[in-house]
Amino acid sequence: MTEDKRASVRPTNNGKLSVLRQHPIFRELEADAVDQLCRYAKPTSLKRGATIFSKGDPGSSLYAVISGTVKISVSSPDGRNAILNLISAGEIFGEVAVLDGRERTADATANTNCEILVIDRREFLPFVKSQPVLAMKFIELLCDRLRWTSDQVEQVILQDLPRRLASALLGLTDKRKLDAASRTIAITQQEISEMVGMTRESINKQLRAWAARDWVRLEHGAIVLLNPEPLRGLAETGQDEDE
């Protein structure tokens, strides 16, 4: 992480404890084990655009998001980008390279100003070995990642734009447990285009068609889901309710 992209470090131990205790992987640990893990976790605040790690870097740390959003992406030599995932508060990332000791498979960037925890692999691996319950939890996490990746591949190969876009918007809504009264997804149309593998122009055209039906509302840097049920039906069956 570059020094000029770092902001002041603010998270307290209570903040670290809350993030780690609430995560499904760590919530079954004894209180003293969580306290020990907190001692390993180094808080860092990052400005939007800061590089956390790049593809090919050594997997030397595990990360947890306290606030904000982290973008996991890859890019091609000709400058095209694909967003693989958006990691939000309460989630961890970087676990694959930490566990297998190999290189990073993607880039991680602060998508917003964010606060993260950094746990060094040299401290984390011995900790995992001392807590056998964590091994099964990480197997479950990696299985979840594999299922999610399979779903993404299926969408890109088999689904058309409307169904793919509906699935992406609903996934972002459900993942962040957004309040039903707001359902505001802080994401740009360029970012959503990089998630679903379509051009920004195609995304804009489809979103405007849904906006005309009052399914969504377009805001600067955000998309509001006004009526998610038609989108859910489209994502699950591929059928437009108005057809």
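This is a predicted model: local features need pLDDT of at least 70, side-chain atom pairs count only at pLDDT 80 or more; totals for chains, interfaces and linings use all residues.

**Overview of the chain**

The protein chain is made up of nine helices and 12 strands. Of the 243 residues in the protein chain, 43% are buried. Among contacts with a separation of 6 or more, 72% are between residues 24 or more positions apart. As for the surface, the protein chain exposes about 13000 Å², and 50% of that area is supplied by carbon and sulfur atoms.

In general terms, the strands of a sheet pair through backbone hydrogen bonds, in either a parallel or an antiparallel manner. Here, three strands form an open sheet with the order S10-S12-S11, and their pairing is antiparallel. Strand S10, residues 184-185, and strand S11, residues 216-219, stand at the edges with a single partner strand each, so one side of each has no neighbour in the sheet.

How many bridges join S10 and S12? The two strands pair in the antiparallel sense over two bridges, with strand S12 covering residues 222-225. As for individual residues, Ile185 has Ile223 in S12 as its bridge partner.

A helix accompanies this sheet. Helix H8, residues 200-212, lies across S11 and S12, and runs at about 125° to S11. Arg200 has its place in helix H8. With a relative accessibility of 37%, Arg200 counts as partly exposed. Leaving aside residues up to four places away in sequence, Arg200 touches Gln189, Gln190 and Ser193. Thr188 is 12 residues from Arg200 along the chain, and the C-alpha atoms of these two residues are separated by 9.7 Å.

**Salt bridges**

I come next to the charged side chains. Side chains of opposite charge can pair when their charged atoms come close. The count of salt bridges in this model is seven.

One of them joins the side chains of Glu28 and Lys137, at 3.0 Å from N to O. Which parts of the chain does this pair link? Glu28 is in the loop between helix H1 (13-22) and helix H2 (31-40), while Lys137 is in helix H5, residues 132-158; the pair therefore links distant parts of the chain, 109 residues apart. Is Lys137 buried or exposed? Lys137 is buried, because its relative accessible area is 15%, and the cut-off for buried is under 20%.

Lys137 also meets Glu140 in a salt bridge, at 4.0 Å from N to O. These two residues are three residues apart in helix H5, so about one helical turn separates them. Glu140 counts as partly exposed, at 38% relative accessibility. Through salt bridges that share partners, Glu28, Lys137 and Glu140 are joined into one network.

A further salt bridge is formed by Arg80 and Asp78, whose closest N and O atoms are 3.2 Å apart. Both Arg80 and Asp78 are exposed.

**Cysteines**

Finally, a word on cysteine. How many disulfides does the structure hold? The structure holds zero disulfides. Cys38 is buried, with a relative accessible area of 1%, whereas Cys143, at 40% relative accessibility, counts as partly exposed.

Thank you for your attention.

Note on methods
Residues are numbered from 1 along each chain as its sequence is written. Side-chain values use heavy atoms; hydrogens and water are left out. Two strands pair if DSSP finds at least two bridges between them. Helices (H or I, at least four residues) and strands (E, at least two) are DSSP runs, numbered from the N terminus. Contact means heavy atoms within 4.5 Å. Axes are lines fitted to C-alpha atoms, for helices over the stretch in contact, and angles run from 0 to 180 degrees between N-to-C directions. Buried means under 20% relative accessible area, exposed over 50%, partly exposed in between (1.4 Å probe, protein chains only). A disulfide is a pair of cysteine sulfur atoms within 2.5 Å. Accessible areas come from the Shrake-Rupley method with a 1.4 Å probe; for residues, only the protein chains shown count as cover.
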